[in-house]
Amino acid sequence: MNSENFQRCIQLCVACALECRKCASACLNEKDFEHMVQCINLNRDCETLCQAAVSAMRNQNPLAREVCDVCADMCDACAAECEKHLYEHCRTCAKICHDCAAECRNSVTPLTIV
């Protein structure tokens with residue numbers, strides 16, 4: 001595995017982590033933030049997993065594929081939650097989460113055991 005092959009995935013994971021952080025902060029500033037707890041928690045978890053995926057890919061970790069699979073699943077969950085809310089920051093976050101999930105799945109293919 002060569003981290004250069006995953007540049008687009010790394011870039012999207014970085015962008016997604018940043019957007020999730022912004023969304024969580026914005027959710028905390030909403031009037032009804034107590035209804036945003038699930039969104040905030042998923043944003044934080046998604047940010048953490050995106051950062052872990054970036055680290056695994058950059059370090060050419062042999063488990064990078066597995067980390068990216070989990071990251072993609074978390075991005076999907078975060079996007080689904082964000083789509084429940086009408087706030088622009090949630091809509092923006094959902095879009096980047098979908099893009100990141102797709103790239104994680106497309107860029108990081110499973111190892112073939114021969």
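In this predicted model, helices H1 and H2 pack with their axes 8 Å apart, at an angle of about 160°. Angles over 145 degrees count as roughly antiparallel. H1 and H2 are therefore roughly antiparallel to each other. The crossing of H1 past H2 is left-handed. On the H1 side, the contact is made by Cys9, Ile10, Cys13, Val14, Cys16, Ala17, Cys20, Arg21, Cys23, Ala24, Cys27 and Leu28. H2 contributes Cys39, Ile40, Asn43, Arg44, Cys46, Glu47, Cys50, Gln51, Ala53, Val54, Met57 and Arg58. By class, the residues of this contact divide into 18 nonpolar, 2 polar and 4 charged.

H2 also packs against H3. Here the angle is about 155°, and the axes lie 9 Å apart. H2 and H3 are therefore roughly antiparallel to each other as well. H2 passes H3 in a left-handed crossing. From H2, the residues in contact are Gln38, Cys39, Leu42, Asn43, Asp45, Cys46, Leu49, Cys50, Ala52, Ala53, Ala56 and Met57. They meet Ala64, Val67, Cys68, Val70, Cys71, Met74, Cys75, Ala77, Cys78, Glu81 and Cys82 of H3. This contact comprises 19 nonpolar, 2 polar and 2 charged residues.

One of the H3 residues in that contact is Glu81. Glutamate 81 lies in helix H3. Its relative accessibility is 9%, so glutamate 81 counts as buried, the cut-off being under 20%. With neighbours within four places in sequence left aside, glutamate 81 is in contact with Gln38, Cys39 and Leu42.

Alanine 94 is among the buried residues of H4. Helix H4 covers residues 88–107, 20 residues in total. At 1.5 Å a residue, H4 should span 28 Å, and because its end C-alpha atoms are 28 Å apart, the two values agree. The buried residues of H4 are His89, Cys90, Cys93, Ala94, Ile96, Cys97, Cys100, Ala101, Glu103, Cys104 and Ser107. Their cover includes helix H1 (7–28), helix H2 (37–58) and helix H3 (64–82).

Methods:
Residues numbered from 1 in each chain as written. Predicted model: local features only at pLDDT ≥ 70, side-chain atom pairs only at ≥ 80, totals over all residues. Heavy atoms only, no water. Helix = DSSP H or I, 4+ residues; strand = E, 2+ residues; numbered from the N terminus. Expected span 1.5 Å × (residues − 1). Buried < 20%, exposed > 50% of the residue type's maximum accessible area, 1.4 Å probe, protein only. Contact = heavy atoms within 4.5 Å. Axes fitted to C-alpha atoms, helices over the stretch in contact; angles between N-to-C directions. Parallel < 35°, antiparallel > 145°, perpendicular 65-115°, else oblique. Left-handed = near helix turned anticlockwise from the far one by under 90°. Nonpolar A, V, L, I, M, F, W, Y, C, P; charged D, E, K, R; others polar.
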